[in-house]
Amino acid sequence: MTIKINYLKKTNIKTASNIVLFVNDRFNILNLKKHISSKEFIYIKDLLATSDLKKNIFVFEVNSKRKIILISIKNDLKTSQIENLGAEFYVRINYGKNSEYSISSDTVLGKSNNFLGHFLHGLKLKSYKFNKYKTKKEVRIISINVVGNRNKPSSQTQLKFKSLEEGIFYTRDLVSEPGNILHPDEYAKRLSSLKKDGLKVNIYDQKKLKKLGMHSLLGVGMGSVRGSYLVTMEWNGV
């Protein structure tokens, strides 16, 4: 599964197949009238009247080709809770044949700092899967179109989250590799490749470790056909 996030300047969200709108903790939908038709408004309002409003997300299948998803923004959410909300949203869309969703940034309410950035970050983190050794790999792509004039994360914020996600996914790849693949020799080799990202990487092999007097570490590695290594990484950037 791949999540592709697109920031669009103009689109008619009323004609989109699957739309995502944000509401307050009481699921008040009065401010959504300009985003949905009058029939859809009445339909959703009637269903909400008998629903458990403690939930975070409601998915309304208006017809066979259109879904309206309401996401409640509770009061005083922490950034971790916003990211968890994004992860919950991913779980709700990670099934079926639907592959495109349009999120209205204009419907984001409250004073949460960079709500949408953290929400999408949580969605991306939840989408991670380690499929490297699967015979049949899932090639499905879900496109998230972010539309609206307000509350979009800045280009700098988008880049920050993208860098975080790449680093987290790289780390998850490492811890998911089996030990017969990611042995010390391979581990040191992969960490050395991080030099291209601006890290200062020093690899201490058995010869250097012996010179440094690290005999305890070398002693542990003597029972393996693989080498012993100590790798240090330094980041002096911003």
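Are Phe22 and Phe115 buried or exposed? Both residues are buried (under 20% relative accessible area; exposed is over 50%, partly exposed in between; 1.4 Å probe, protein chains only).

The model is predicted: local features need pLDDT of at least 70, side-chain atom pairs count only at pLDDT 80 or more, and totals for chains, interfaces and linings use all residues. Residues are numbered from 1 along each chain as its sequence is written, and side-chain values use heavy atoms, with hydrogens and water left out.

The structure holds 9 aromatic pairs. In the pair of Phe22 and Phe115, the ring centres are 5.4 Å apart and the planes stand at 85 degrees, so the pair is edge-to-face. Rings of Phe, Tyr and Trp (its six-membered ring) pair if their centres lie within 6.5 Å; planes under 30 degrees apart count as stacked, over 60 as edge-to-face and the rest as tilted. The pair links distant parts of the chain, 93 residues apart. Phe22 belongs to strand S2 (residues 18–23) and Phe115 to helix H3 (residues 115–126). Helices (H or I, at least four residues) and strands (E, at least two) are DSSP runs, numbered from the N terminus. Ring pairs join Phe22, Phe89, Tyr101, Phe115 and Phe119 into a cluster.

Ile144 lies in strand S6 (residues 141–147). Its relative accessibility is 0%, so Ile144 counts as buried. Not counting residues up to four places away in sequence, Ile144 touches several residues, including Phe89, Tyr101 and Leu120 (contact: heavy atoms within 4.5 Å). The C-alpha atoms of Ile144 and Phe22 are separated by 15 Å.
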